[in-house]
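Thanks for coming. I have one structure to show today, and I will keep to two topics.

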Amino acid sequence: MKVTGLKLSHFRNIDAMQLHFGEHVNIIYGENAQGKTNILEALWLFTGMKSFRASKDAEQIQFQHEKAVAEVSFFADNLEQSAAIHFEEKKSVFLNEIKVGSVAALSENYHAVIFSPEHLSLIKGGPQQRRLFCDNALCQIKPGFTQYLTKYKKNLVQRNAILKDYKYNTSVEMMLDIFEENLAQLGAQIILQRKKYLEALQQQAATIYTGITAGKEQLKITYRCSFESECEATLKESFLAALKKSRSEDMQTLSTSVGPHRDDMEIFIDGISARKFASQGQQRSAVLALKLGEANVLGKKTGQQPIALLDDVMSELDEMRQDYILHHIEDWQVFITCCDPHTILRLKEGKTFHIHQGQLVQEST
């Protein structure tokens with residue numbers, strides 16, 4: 001898919017702005033706190049996912065205004081399409097000028113991936129951040145996966161509640177069998193889907209990382225799970241046995257100590273843990289490869305190559321790695337924010353947008 005234009009009204013610090021994008025690389029530059037990231041955030045919100053800045057809808061409305069509007073025009077499924085989101089007391093969403101139930105309804109038509117400095121937590125942060133990355137990606141390509149997660153979390157909460165009540169009422173132990181059976185069945189599905197996704201991501205991300213580093217370094221992703229079987233029935237059996245074995249310990253800690261909610265995704269550069277030993281540039285390159293790999297997997301699944309939104313991606317990357325981003329991401333549309341205007345000088349083909357105080361100063365081809 002390709003985004004052809006974006007129109008914003010009273011969105012964050014942007015009073016009014018209309019942009020017309022190029023088909024390949026689009027660089028949005030300017031000093032800090034001028035509104036560059038606000039543009040990427042607006043483009044991202046049409047995916048139906050929450051803001052990558054973890055903000056409330058009300059925060060997207062410009063100060064002293066009651067309503068903000070974001071409108072996008074894009075080409076997908078061989079059709080010119082449009083979408084709009086009206087942010088006010090109650091959010092309204094439109095697809096091709098027809099009102100739809102929620103912003104999630106846009107997700108089948110509009111696809112994107114986002115890189116922001118916060119995503120460096122994929123390397124630096126704890127397992128929860130990496131599980132969330134994997135699960136969010138799966139929810140985009142497999143809508144049914146959301147149901148597995150929701151049901152699994154509900155049963156997990158129920159089991160933990162029973163563990164808490166057990167010392168006051170031992171008869172509730174019978175309920176553990178029910179919730180553990182559900183957890184094992186749902187957990188086996190979650191584990192299998194994560195494994196399959198990470199295998200596909202590994203192929204894409206490793207190739208991209210090799211390109212970013214000009215073949216000097218190798219990236220590897222592994223899924224760290226307590227249950228190694230590739231068979232759903234065996235996974236369910238192993239998980240159920242582990243739940244029963246851990247009951248006594250779990251009753252002491254009042255939490256469930258085994259399952260996919262404890263799993264992790266490990267990232268290695270040349271066989272060494274990226275979290276422990278990678279430099280800032282290597283960490284940023286690895287996360288970038290993961291996000292671009294996510295885009296490729298999503299594109300192959302949906303048949304529509306998503307747009308790539310890269311916020312402050314150039315920081316702490318040497319010129320060789322920057323040049324890969326500017327010139328070697330082919331056949332898809334990329335949006336890059338940066339502060340340094342010298343980055344633009346190396347752009348061989350694309351469009352640039354100079355943003356200052358929430359206004360478009362200059363648009364160049």
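This is a predicted model: local features need pLDDT of at least 70, side-chain atom pairs count only at pLDDT 80 or more; totals for chains, interfaces and linings use all residues.

Residues are numbered from 1 along each chain as its sequence is written, and side-chain values use heavy atoms, with hydrogens and water left out.

How many cavities of 30 Å³ or more does a search of the whole structure find? One. A cavity here is a set of points, on a 1 Å grid over the protein atoms alone, where a 1.4 Å probe fits but cannot get out; lining residues have an atom within 4 Å of a point. The largest cavity holds about 40 Å³, a volume being the space filled by probe spheres set on the points.

Its lining consists of R130, R131, C134, R194, L198, Y223, D264 and M265. Helix α3 (127-141) gives the largest share, three residues, while α5 (173-212) and β10 (264-269) each supply at least two. Helices (H or I, at least four residues) and strands (E, at least two) are DSSP runs, numbered from the N terminus. By class, the lining has four nonpolar residues, four charged and no polar; Tyr and Cys count as nonpolar, and Asp and Arg as charged.

Now α6, residues 232-245. Its buried residues (under 20% relative accessible area, 1.4 Å probe, protein chains only) are L235, F239, L240, A242 and L243. Seen down the axis of α6, these fall within an arc of 160°, so they line one face of the helix; the arc is that of the directions from the helix axis to the C-beta atoms. On the other side, A233, E237 and K245 are exposed, meaning over 50%.

Definitions and conventions
On a 1 Å grid over the protein atoms alone, a cavity is a set of points where a 1.4 Å probe fits but cannot get out, and a pocket is an open set with protein on both sides within 12 Å along at least five of seven lines; lining residues have an atom within 4 Å of a point.
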